[in-house]
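Welcome! Let us walk through this structure together, one question at a time.

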Amino acid sequence: MSRRVYVNGAVWLLLLTAAWWLPLIGGYMALASRVLVYALAAMGLNLLLGFTGCMSFGEAAYFGLGGYGTGLFLTHLTHSTVLAVVAGTIVGGIAAFIFGPLVMRRRGIYFAMITVAIGQIFYFIAERWNSFTGGEDGLSGFSRQPLHFGFATVPLNAVAFYYFVLFFFAIGAGVIALLLHSPLGHTFVAIRENRRRAQFLGIHVERYVWASFAIAGLIAGLAGALNALQNNFISPINLYWVESGNLVIMAVLGGMRSFWGPLVGAIIFVGIQDYVSSYFPNNWETFIGGLFIIAVMFFPNGILGIIRQRAKAA
Amino acid sequence: MSLLRLTDVSRAFGKLLALQHVELEMEEGKLYAVIGPNGAGKTTLFNLISGFFPATSGEIWFDGMRINRIDAARRVALGLVRTFQITEIFPELTVFENVRIGVEAEARCSARPWPSRGLLRQIGDRVDELLDTTGLTAQAGRTVSELAHGDQRVVEVTMALSRRPKLLLLDEPTAGMGQEETAHMVTLIRDLHARQRQSILFIEHDMDLVFGIADRITVLNYGKVLAAGTPQEVAADPLVQAAYLGEAA
């Protein structure tokens with residue numbers, strides 16, 4: 001069996017057994033759920049950033065929209081948690097699909113700036129539209145509902161909710177993995193490697209950037225939906241550009257060229273956020289900033305990039 | 001019917017006239033060369049034909065179709081595929097993966113997220129066939145950026161071939177190569193032309209190579225066609241001798 005099979009097996013085993021080993025090292029299930037939520041959003045972003053080579057700084061827009069979609073769906077339309085997740089995912093995906101044509105022809109800093117601008121539009125809409133979104137105070141008054149299977153009803157307590165999130169994380173990660181091993185994924189990577197060559201092999205580069213952008217938005221929408229359910233709350237801050245920056249930091253820290261890089265980045269980011277903020281509630285971001293600078297300067301391919309390099313050299 | 005025809009084609013960059021009233025006609029199955037000193041407009045000519053940028057005036061016809069307004073990617077689908085003066089490859093991918101991108105585009109499955117096993121097998125077989133044609137089978141698993149310059153250029157040609165071009169445009173295919181690498185590239189071009197009747201239009205500085213293999217040569221100078229004809233006719237042209245070939249003639 002190849003090394004990749006062992007690595008994947010180990011990752012899934014650790015995730016599936018987290019409820020047993022995490023408390024032993026001082027962790028708790030809500031923290032694990034948050035890691036998975038952000039890891040999923042960062043993996044979606046990484047499809048665009050690490051595999052298609054497009055620097056998006058506006059992924060929080062679709063993350064937040066997914067959250068608002070789920071929250072509003074639960075508030076006004078249904079009490080089905082699963083349907084609310086699906087609704088939030090679709091809202092994020094459709095928004096990215098609609099705004100894709102605005103960004104698909106841009107490159108580098110221009111691509112990044114337009115994605116920020118789009119994200120900020122949604123931020124201000126959410127912040128100002130008090131009657132619909134709850135405005136600055138955010139949207140509350142909804143909560144994740146128990147799952148009904150006919151023969152049993154499962155309340156989504158911390159452990160059950162972790163496995164609920166893990167289920168959707170597995171779907172999202174599975175979709176990304178399948179894509180990356182398909183001709184579509186090969187085309188994304190080709191665009192990252194050399195746009196001109198891709199174009200002169202007959203590939204309509206912009207259309208594929210659009211596709212990557214929409215899929216990343218869909219995954220971010222899914223993650224945002226799960227985030228809203230985790231907190232039973234969603235606020236404009238989830239749409240803010242700083243949240244987009246956090247997702248970029250997670251992808252870069254873990255390794256943009258690695259499938260599991262964003263998961264590693266999310267573990268580090270959320271871990272530092274949780275543990276360091278209990279000692280330095282106002283300065284924990286300084287640690288993230290310092291770590292990010294070190295990562296960019298000394299291991300630009302992220303933690304998994306370094307591990308892969310060493311494994312290759314050995 | 002000619003495969004490629006340029007009628008009164010010009011291209012200006014601001015006040016600079018890079019190409020002026022260029023006429024060029026090429027038949028199917030031929031091996032044509034474009035020569036000229038640095039700055040003569042050779043690469044600009046390739047850029048116009050391949051759709052890198054549009055002509056300022058004039059008409060470009062390919063396989064019976066006026067292609068002036070057709071974008072670069074669609075021109076590839078029509079059968080116009082090029083290589084570049086500075087090698088354009090996917091540097092961090094393997095040789096196999098580089099060629100596979102082109103094969104998938106040719107199979108019109110680049111957008112497919114979940115291909116069948118049969119399709120994947122067909123794609124793999126086609127890549128293997130192309131690597132065999134260009135002598136890259138032994139390098140298939142190597143990352144392209146680790147290859148020697150000459151091999152990288154062969155990879156680029158293989159990628160171009162993956163699109164089954166009706167016309168292959170090669171921009172200085174032997175630039176920067178050593179003697180052995182040049183000989184390999186020349187053999188490859190000759191074989192493609194002789195065995196597969198591949199139509200090839202190429203730019204080259206190596207006069208021995210050009211006069212050794214080209215069916216016809218077009219000479220550009222200061223953006224204008226100075227002469228066009230068989231190697232013998234071009235070599236005998238006093239204008240060419242005076243302006244460009246000098247001692248080489």
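Q: How many bridges join β4(B) to β5(B)?
A: This is a predicted model, in which local features need pLDDT of at least 70, side-chain atom pairs count only at pLDDT 80 or more, and totals for chains, interfaces and linings use all residues. Residues are numbered from 1 along each chain as its sequence is written, while chains are lettered from A and ligands numbered from 1 in the order in which they are written. Helices (H or I, at least four residues) and strands (E, at least two) are DSSP runs, numbered from the N terminus, and two strands pair if DSSP finds at least two bridges between them. β4(B) and β5(B) run antiparallel, and the number of bridges joining them is two.

Q: Which residue of the hairpin of β4(B) and β5(B) takes a positive phi?
A: There are two residues between the strands of this hairpin. In β5(B), B:Arg66 stands opposite B:Trp61. The residue with a positive phi, near 50°, is B:Asp63.

Q: In what order do the four strands of the open sheet in chain B come?
A: β1(B) (residues 4-13) pairs with β2(B) over seven bridges and with β4(B) over five bridges. The edge strands, each pairing on one side only, are β2 (16-26) and β5 (65-66) of chain B. The pairing is antiparallel, and the order is β2-β1-β4-β5.

Q: Which residue stands opposite B:Arg11 in β2(B)?
A: β1(B) and β2(B) pair in the antiparallel sense. On the β4(B) side, B:Arg5 has B:Trp61 as its bridge partner. In β2(B), the residue opposite B:Arg11 is B:Leu19.

Q: Which strands does helix α1 of chain B touch as it packs on the sheet?
A: Touching here goes by contact: two residues are in contact if their C-beta atoms, placed from the backbone, lie within 7 Å. The direction of α1(B) (residues 42-50) makes about 65° with that of β2(B); axes are lines fitted to C-alpha atoms, for helices over the stretch in contact, and angles run from 0 to 180 degrees between N-to-C directions. The strands touched are β1, β2 and β4 of chain B.

Q: Which helix gives the most to the side of chain B that touches chain A?
A: The contact takes 26 residues from chain B and 19 residues from chain A. On the chain B side, α2 (72-78) and α3 (95-106) each supply at least two residues. With five residues, the helix that gives the most is α3(B).

Q: Are α8(A) and α11(A) roughly parallel or antiparallel to each other?
A: The axes of α8 (residues 158-180) and α11 (residues 205-231) of chain A come within 11 Å and cross at roughly 175°. Angles over 145 degrees count as roughly antiparallel. The two helices are therefore roughly antiparallel.

Q: What percentage of the 314 residues in chain A are buried?
A: Chain A has 15 helices and two strands. Along its principal axes, its C-alpha trace spans about 50 × 45 × 45 Å. The buried residues of chain A make up 51%.

Conventions. Angles under 35 degrees count as roughly parallel, over 145 as roughly antiparallel, 65 to 115 as roughly perpendicular and the rest as oblique. A residue is buried if 20 or more other C-beta atoms lie within 10 Å of its own, exposed if 12 or fewer, and partly exposed in between; C-beta atoms are placed from the backbone.
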